[in-house]
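Okay, thanks everyone for coming. Let me put the model up, and then I'll walk you through a few spots in it.

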Amino acid sequence: MFQLEPIAALATAPGIGAIAIIRVSGEGAVDITDRLFNGKNLTQQASHTAHFGTLRNTDGSIIDEVLVTVFRAPKSFTKEDVVEISCHGSEFIIQQILRRLSGEGVRLARPGEFTQRAFLNGQFDLVQAEAVADLIASDSDASHRAALSQLRGGFSKQLKALRQQLIDFVALVELELDFGEEDVEFAHRDQLRQLMLAIRRVLHPLLDSFSTGNAIKNGVPTVIVGKPNAGKSTLLNALLNEEKAIVSDIPGTTRDVIEDELFIDGIRFRLIDTAGLRQATDQIEAIGIERTQQKMRDAAMVVYLFDGKNIEPAELQTAIAEVRTSGKPYLLVGNKMDVLTDEKKQDLETIAAEPIIWISAATHTHLEELKAALSARVRTDAAVQTGSAVVTNARHYEHLIGTDNALARAINGLDASVTPDWLAMDLRVALQHLGELTGEITTDDLLDSIFSKFCIGK
């Protein structure tokens, strides 16, 4: 653990509020704050204690009454000496305090610099550090749980332990290179194979979780498709409880995609209303239909909405086959159930041979059942249900892929009885990816890229 020059920043959201917190961290943080503070001598106070007093200007005039909390190294977020000054939320007061700190040699913090110092001082690894930003940005129960899992170690601790075992094997393989003219084998090949297979068994569920994790972090893109006048725009408006899309009896009213967000059971859904699927009657509608097809390809889930009153069984059968070809999870939703005969409903259910959710978008009938089905379809993913580690970060995914590919090449090399130098090459690549993933191998450019995305004060 080491302490760098003192830095300070507003740790609460900017703007006028009842309370604001200014965080100071680094060498001399307690001593510097004590020079501004009129109250108990902060240099003599124990860690994790709070003290009431005033902060004063150089001429002795009072800036504000404050509560100062002292955190002594290494028992602080950054593992440095940290002081948090709770003052009134006036922008004028905040700037006055920051100016006084600056006059005492405290530098204003860069974005994410407090978390970067925590990482550099070994408070947590790079995956956990990035989870801090994700936790702050989480806006749903699912994204909150995913970020919290990462912050508590998630998969990174397990990968760090496996990486250390792999390092030990690589050292033995490279030792064999020093005896190139002799037939020696320090690294037991069967044990090495078992370790690489064990690492890949950890990697594969993480890689598989990325599509789910990306949806959790950014929202589940859910596209509503169907023929013109099936009620797609009416359904979107009903789910959002606002007039988001234009509703008309004229086919082809919706010519472009319309998006909005809806939270269901703590999961954020990005609902996408699209142009009706049919032969276009003009160039503008054709562009809208092409965008619909693109949204289907990009979506995580498809809601196929059909007009239960006017659709024929054979037409429904063709539509279901088309939706299935997208390869996306989908829900069949029959609209206008309020004007649908029981006989027609039974015929359509027989043809579909799978569950149909019957609704009336116009009267808002059974919308809660539709919401429950959307939530249930996402929650069938075990990671979402159990809170298991989920990969939500593209950087993590890239290094996991790189590790897995390198290990696959190494295993193939074992099968082909390659020489130790070729084997060591692939193992080093795997170690490089694992090290960059958890932050055991870093560059200044990498750290600057990651922490520059954080808010100032964190």
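**Helix pairs, a cavity and a loop**

So, start with helix H7 (residues 189–208) and helix H16 (residues 420–438): their axes come within 14 Å and cross at roughly 20 degrees. Axes here are lines fitted to C-alpha atoms, for helices over the stretch in contact, and angles run from 0 to 180 degrees between N-to-C directions. That makes H7 roughly parallel to H16, where roughly parallel is any angle under 35 degrees. Helices are DSSP runs of H or I with at least four residues, strands are runs of E with at least two, and both are numbered from the N terminus.

Before I go on, this is a predicted model: local features need pLDDT of at least 70, side-chain atom pairs count only at pLDDT 80 or more, and totals for chains, interfaces and linings use all residues. Residues are numbered from 1 along each chain as its sequence is written, and side-chain values use heavy atoms, with hydrogens and water left out.

Who touches whom? In H7, Arg189, Leu192 and Met196 meet Pro420, Leu423 and Leu427 of H16, contact being heavy atoms within 4.5 Å. By class, that's five nonpolar, no polar and one charged. Nonpolar covers Ala, Val, Leu, Ile, Met, Phe, Trp, Tyr, Cys and Pro; charged is Asp, Glu, Lys and Arg; the others, Gly among them, are polar.

Next pair: helix H4 (residues 126–137) packs with helix H17 (residues 444–451) at about 25 degrees, axes 10 Å apart. So H4 also comes out roughly parallel to H17. Leu126, Ala129 and Glu130 from H4 meet Leu446, Leu447, Ile450 and Phe451 from H17, which divides into six nonpolar, no polar and one charged.

Now, which residues line the second largest cavity? They are Ile224, Leu235, Leu239, Leu271, Val303, Leu370 and Leu374. A cavity is a set of points on a 1 Å grid over the protein atoms alone where a 1.4 Å probe fits but cannot get out, and lining residues have an atom within 4 Å of a point. Helix H9 (232–240) and helix H13 (367–379) are the elements giving two or more residues to that lining. The lining has seven nonpolar, no polar and no charged residues.

Last stop, the loop between strand E5 (62–71) and strand E6 (82–89), where you'll find Pro74. The peptide bond from Ala73 to Pro74 is cis, omega near 0 degrees. For context, most residues other than glycine have a negative phi, and most peptide bonds are trans.

Definitions and conventions: On a 1 Å grid over the protein atoms alone, a cavity is a set of points where a 1.4 Å probe fits but cannot get out, and a pocket is an open set with protein on both sides within 12 Å along at least five of seven lines; lining residues have an atom within 4 Å of a point. Angles under 35 degrees count as roughly parallel, over 145 as roughly antiparallel, 65 to 115 as roughly perpendicular and the rest as oblique.
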